[in-house]
Amino acid sequence: MAQHQQISLPAKLINGGIAGMVGVTCVFPIDLAKTRLQNQRSGQQVYKNMLDCLIKTVKSEGYFGMYRGAAVNLTLVTPEKAIKLAANDFFRNQLSKDGGRLTVLKEMLSGCGAGMCQVIITTPMEMLKIQLQDAGRLAAQQRLIPSMAPALKLGAVLSRSYNTNPAPHVVRVSAMQITRELLQTKGVPGLYRGLGATLMRDMPFSMVYFPLFAHLHQLGRHSPEDPAVPFYWSFVSGCLAGSIAAVTVSPCDVVKTRLQSLKKGANEETYNGVVDCIRKILRKEGPGAFLKGASCRALVIAPLFGIAQVVYFVGVGEFLLGYTPQSICSS
């Protein structure tokens with residue numbers, strides 16, 4: 001059994017990484033639209049909906065404008081997804097050592113532990129990605145409301161990297177520039193701005209997703225004696241569980257996005273923490289603002305986790321490592 005754990009862990013890490021890269025490549029434009037829609041304030045809408053956002057992005061920034069920030073995700077999504085999936089399995093194994101079936105509460109605790117572990121990577125990844133994704137929205141806002149351009153408010157950092165001149169084009173800033181600026185001005189904690197909001201989003205997400213997926217996945221078994229599940233059922237289970245969990249925590253994602261956006265547009269307020277952010281959004285935009293980008297997030301997370309579970313259960317990592325089902329069982 002010990003050897004089984006030794007060979008399965010590297011395979012799980014590979015599976016999580018491959019699934020993350022494939023998924024991000026497929027759904028990143030929708031994620032970009034989600035970020036821009038979430039950062040819009042009432043009365044200053046640049047985009048009407050997801051489709052309008054993508055069309056305007058292609059017209060103003062070109063096709064690859066939809067992938068601004070994708071390099072950050074592709075670089076860090078491998079360790080992030082690997083940590084999430086491996087941590088969930090680890091906690092499930094620890095909580096089922098007595099040989100009994102995991103209760104829903106224990107499954108939720110496993111998911112909670114996985115969510116806590118992944119924020120080590122998720123927080124700086126989201127921090128950098130959001131700056132790159134939102135740059136196009138700010139430029140579009142300047143074009144639509146040029147009189148507001150001089151009023152652009154910056155955070156305490158990135159004053160050198162981001163120019164406040166009312167240029168009609170997107171300011172090209174790299175993830176390395178942002179990282180260097182944050183480290184010089186704020187140190188490592190600068191990369192972890194919004195950590196509390198990220199935990200507030202990812203822990204409940206994992207608590208909903210993993211137990212729900214486990215139960216949906218069991219429904220695809222042919223019989224109690226035959227635990228095998230078709231790959232398409234793994235995909236459907238991952239998509240359904242992911243979309244439900246994504247919509248459930250969408251208000252937390254809006255708060256996280258607002259807190260992590262360093263550059264503000266004209267007349268856009270700044271926030272002093274999670275509670276202040278929630279209070280100001282409620283007062284100025286109403287409860288509906290907490291569901292901005294919810295459909296986009298569901299469309300991002302559903303295929304992302306569907307692909308992840310297919311790769312995970314098909315065993316791509318085991319195949320690449322040269323392990324066969326027979327060699328694993330014989331170990």
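I began with the largest cavity and found 23 residues lining it, with Lys 81, Glu 126, Arg 297, Ile 301 and Leu 304 nearest its centre. A cavity here is a set of points on a 1 Å grid over the protein atoms alone where a 1.4 Å probe fits but cannot get out; lining residues have an atom within 4 Å of a point.

I noted the ground rules. This is a predicted model, where local features need pLDDT of at least 70, side-chain atom pairs count only at pLDDT 80 or more, and totals for chains, interfaces and linings use all residues. Residues are numbered from 1 along each chain as its sequence is written, and side-chain values use heavy atoms, without hydrogens and water.

I looked up which elements give two or more residues to this lining: helix 1 (2-39), helix 3 (70-95), helix 4, helix 6 (195-218) and helix 10 (294-314). Helices are DSSP runs (H or I, at least four residues), numbered from the N terminus. By class, I read ten nonpolar, three polar and ten charged lining residues. Ala, Val, Leu, Ile, Met, Phe, Trp, Tyr, Cys and Pro count as nonpolar, Asp, Glu, Lys and Arg as charged, and the others, Gly among them, as polar.

Next, helix 4 (residues 104-144) against helix 8 (residues 250-260). Their axes come within 9 Å and cross at roughly 70°. Helix 4 is therefore roughly perpendicular to helix 8 (65 to 115 degrees). Axes are lines fitted to C-alpha atoms, for helices over the stretch in contact, with angles from 0 to 180 degrees between N-to-C directions. Thr 123, Glu 126, Met 127, Ile 130 and Gln 131 of helix 4 meet Lys 256, Thr 257 and Gln 260 of helix 8. Contact means heavy atoms within 4.5 Å. I logged two nonpolar, four polar and two charged residues there.

Last, helix 7 (residues 231-248) and helix 10: their axes come within 7 Å and cross at roughly 145°.

Conventions
Angles under 35 degrees count as roughly parallel, over 145 as roughly antiparallel, 65 to 115 as roughly perpendicular and the rest as oblique. On a 1 Å grid over the protein atoms alone, a cavity is a set of points where a 1.4 Å probe fits but cannot get out, and a pocket is an open set with protein on both sides within 12 Å along at least five of seven lines; lining residues have an atom within 4 Å of a point.
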